[in-house]
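I opened this notebook page to keep track of what I looked up in one structure. The entries follow the order in which I checked things.

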Amino acid sequence: MKEVETQYNKWVYPKPITDMKEKIKQGFYYDLHLNVFEKIIFPEGKNYDSAEIFIAGCGTNQAIYYALSYPNTNIYAIDLSSKTIEHNKKMIKQYNIKNLFVEQKDIMKVGFKNKYDLVVASGVIHHTQNPKETLKKLSNTGKENCAMMISVYSSYSRVGVYFLQKVFKLLNLNQSKKDIDLVKRFIQSTPQRHPIHGFIQGSKDLEYDSGLVDTFLHKRDIAYDVPELKNLIKESGLYMQSWHDNIH
């Protein structure tokens, strides 16, 4: 995981937000709001307002969002990147947050078990060396009736991304500023009928360099179709409760 850690220390992702309270007012991260998932993650009516929450791979903003949105919860969040954790600690101090503890740590080095009501790993396990073992590790941190909110890359929705990733690998591009500029020019040169443009329209990650690196020049990137994802869940000893949105 060292190469992934190095990447996120150099190219901090997502773009750090310093005005999270204002962003929340504007509806930021609404798709990750627990109210959206209430009947999915706890159909039995369990109350998560004071839940113990573990966020694995919190990035720059997610843990701060949850801590401010759900002040009665107790949240533990980890990330590989020291730069990411540094930003989180800055925001904790800025907002005087009392219900969040953040730490730089690899998921596979987490030692506790049967502790959390809710485990969140958004856009994380597909960057690990062994997603199945990572998912097992995460499941062990939860209580018996724990719910897990996991998001992974879709091989269908990112088909345009993978076309270009192959090209950039053939060109031996790395994560230098020069190569990022080449990626930008290459994308601009593609015809509008290229599948990448459908992806671009729905993504804000391509508006800044760290997002471009994360999308096109990542050191480790796995995507799943529906059967592959269901198989991953089954092999990890878990079961699928529901999709966030069955239509998608």
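What radius of gyration would a compact globule with 248 residues have, and what does the chain have? I noted that such a globule would come near 18 Å and that the chain has 18 Å, which agrees; the radius is taken over C-alpha atoms, and the globule rule is 2.2 Å times the number of residues to the power 0.38.

Before going further I wrote down that this is a predicted model, in which local features need pLDDT of at least 70 and side-chain atom pairs count only at pLDDT 80 or more, while totals for chains, interfaces and linings use all residues. Residues are numbered from 1 along each chain as its sequence is written, and side-chain values use heavy atoms, with hydrogens and water left out.

**Entry: the whole chain**

I looked up the extent of the C-alpha trace, which spans about 50 × 45 × 35 Å along its principal axes. The secondary structure comes to 11 helices and 7 strands, where helices (H or I, at least four residues) and strands (E, at least two) are DSSP runs numbered from the N terminus. Of the 248 residues, 48% are buried, a word I use for under 20% relative accessible area, with exposed meaning over 50% and partly exposed in between (1.4 Å probe, protein chains only). For contacts, meaning heavy atoms within 4.5 Å, I found that residues 24 or more positions apart account for 75% of those with a separation of 6 or more.

**Entry: helix α10**

How many of the 8 residues of helix α10 are buried? I found 8 of the 8 (residues 209-216), so the helix is largely enclosed by the rest of the structure. The cover over its buried residues includes α1 (2-10), β6 (153-154), α7 (159-170), α8 (177-189) and α9 (196-201).

I then picked threonine 215, which has its place in helix α10 and counts as buried because its relative accessibility is 2%. Leaving aside residues up to four places away in sequence, I listed what threonine 215 touches: Arg158, Val161, Gln165, Phe199, Asp205, Leu206 and Asp221.

**Entry: aromatic pairs**

I found 12 aromatic pairs in the structure; rings of Phe, Tyr and Trp (its six-membered ring) pair if their centres lie within 6.5 Å, and planes under 30 degrees apart count as stacked, over 60 as edge-to-face and the rest as tilted. Tyrosine 13 and tyrosine 208 form a stacked pair, at 6.5 Å centre to centre with 20 degrees between the planes. This pair links distant parts of the chain, 195 residues apart, with tyrosine 13 in the loop between α1 and α2 (20-25) and tyrosine 208 in the loop between α9 and α10. I checked burial for both partners: tyrosine 13 counts as buried at 18% relative accessibility, and tyrosine 208 counts as buried at 15%.

I also noted tyrosine 76 and phenylalanine 101, stacked at 6.0 Å centre to centre with 10 degrees between the planes. They lie 25 residues apart, tyrosine 76 in strand β2 (residues 74-79) and phenylalanine 101 in strand β3 (residues 100-104). Tyrosine 76 is buried, with a relative accessible area of 10%. Ring pairs link Phe54, Tyr76, Phe101, Phe112 and Tyr116 into a cluster.
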